[in-house]
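Q: Could you walk me through how helix packing is read in a model like this one?

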There are 2 protein chains.
Amino acid sequence: MKALENKILSDGVVLEGNVLKVGSFLNQQLDVDFIMEMGEEISRIYNNDGATKILTVESSGIPIAFAAGVKIGCPVVFAKKNKSANVSGDVFCSSVYSFTHKTTNNIIVAKEFLSSDDRVIIVDDFLANGKALIGLIDIVKQAGATLIGCTCAIEKGFQHGGDELRKQGIRVESLAIVEEMNSSGIYFRCN
Amino acid sequence: MKALENKILSDGVVLEGNVLKVGSFLNQQLDVDFIMEMGEEISRIYNNDGATKILTVESSGIPIAFAAGVKIGCPVVFAKKNKSANVSGDVFCSSVYSFTHKTTNNIIVAKEFLSSDDRVIIVDDFLANGKALIGLIDIVKQAGATLIGCTCAIEKGFQHGGDELRKQGIRVESLAIVEEMNSSGIYFRCN
């Protein structure tokens with residue numbers, strides 16, 4: 001999505017440790033019109049694929065998932081993060097390691113909100129090592145639902161999480177793929 | 001908002017400990033079209049008040065704040081919860097006690113996203129004791145911004161947080177106010 005690449009170039013800030021800050025439009029302040037455009041792009045990508053649910057994980061995945069839900073016309077379900085090991089039986093639960101926070105969270109979704117009748121698009125803000133997506137895909141499998149594909153706003157191609165999933169035959173269509181970033185610039189993967 | 005009262009009556013579940021579960025449309029599964037209608041209602045309430053920012057707190061405040069931002073046409077900023085006491089100097093920070101989780105969180109907003117030029121509407125999903133709103137109002141004050149008003153989707157009138165704020169002269173306009181709820185029913189405050 002060319003407009004997102006341009007937005008990253010104009011507003012993104014590269015910090016040490018492979019951190020790309022996009023807090024001004026995606027992560028803490030939300031440029032709502034631009035995020036709705038991203039939702040429109042996701043709708044275009046999965047046109048006619050019959051999605052019945054968008055699945056994301058709190059917190060910063062929620063806005064773009066919401067926009068996708070509005071444009072596609074289906075509900076959004078967001079997994080909750082739960083540090084507690086005590087999880088009741090009426091939820092789907094998967095374990096996700098966060099490289100950013102160096103912690104493991106359970107992510108949980110109440111069973112009533114995903115079923116084997118569902119056709120699911122997973123949406124998130126960032127894709128780096130792919131651990132969050134793997135947890136969400138696990139929840140889709142536990143529900144017996146059909147996974148249509150995964151879309152993240154910004155994929156860090158150099159961390160290979162997206163390519164690992166593609167090798168497994170999972171459809172991963174990120175809106176922008178950063179191939180390299182450093183103090184001198186941000187470079188995108190060519191389509 | 002009559003449509004929200006009807007939705008609470010049809011889909012809400014009253015649990016012990018004054019818990020009202022609305023996970024099927026507001027808290028875990030998001031009825032995106034209905035949440036956009038709530039955004040439209042918030043836009044109608046604050047028509048011509050010149051809002052420049054919607055402020056909320058992660059996670060479940062984000063969808064309704066996002067919808068309000070789309071309908072009003074201004075960015076959304078969401079405060080992040082941070083259990084750590086270590087907060088750097090470039091953020092506004094306030095302390096919020098959660099009766100639900102019996103923990104105290106810092107809520108933080110990067111200073112770059114709120115300024116004295118801003119006219120702010122605070123939006124959240126639930127208003128009970130009002131502790132989250134008080135923290136968000138504190139952040140608006142720290143920024144020197146102007147608070148236009150606060151709107152929560154569902155106010156638990158019997159917990160009096162909203163009325164305490166109104167006594168202080170703060171404009172609090174909830175979309176639905178539950179005056180009483182028990183195993184036999186849910187009763188709303190008359191307008």
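Q: Is the crossing of α3(A) and α4(A) right-handed or left-handed?

A: A crossing counts as left-handed if the near helix is turned anticlockwise from the far one by less than a right angle, and as right-handed if clockwise. Here α3(A) and α4(A) make a right-handed crossing. This is a predicted model, where local features need pLDDT of at least 70, side-chain atom pairs count only at pLDDT 80 or more, and totals for chains, interfaces and linings use all residues. Residues are numbered from 1 along each chain as written, with chains lettered from A and ligands numbered from 1 in written order.

Q: At what angle do the axes of α3(A) and α4(A) cross?

A: Axes are lines fitted to C-alpha atoms (for helices, over the stretch in contact), with angles from 0 to 180 degrees between N-to-C directions. Helices are DSSP runs of H or I with at least four residues, numbered from the N terminus. Helix α3 (residues 32-45) of chain A crosses α4(A) at roughly 55°, their axes coming within 7 Å. The pair is therefore oblique (under 35 degrees is roughly parallel, over 145 roughly antiparallel, 65 to 115 roughly perpendicular, the rest oblique).

Q: Which residues of α4(A) and α4(B) meet?

A: Contact requires C-beta atoms, placed from the backbone, within 7 Å. A:Ile62, A:Pro63 and A:Phe66 in α4(A) meet B:Ile62, B:Pro63 and B:Phe66 in α4(B). The crossing of α4(A) and α4(B) is right-handed.

Definitions and conventions
Helix = DSSP H or I, 4+ residues; strand = E, 2+ residues; numbered from the N terminus. Contact = placed C-beta atoms within 7 Å.
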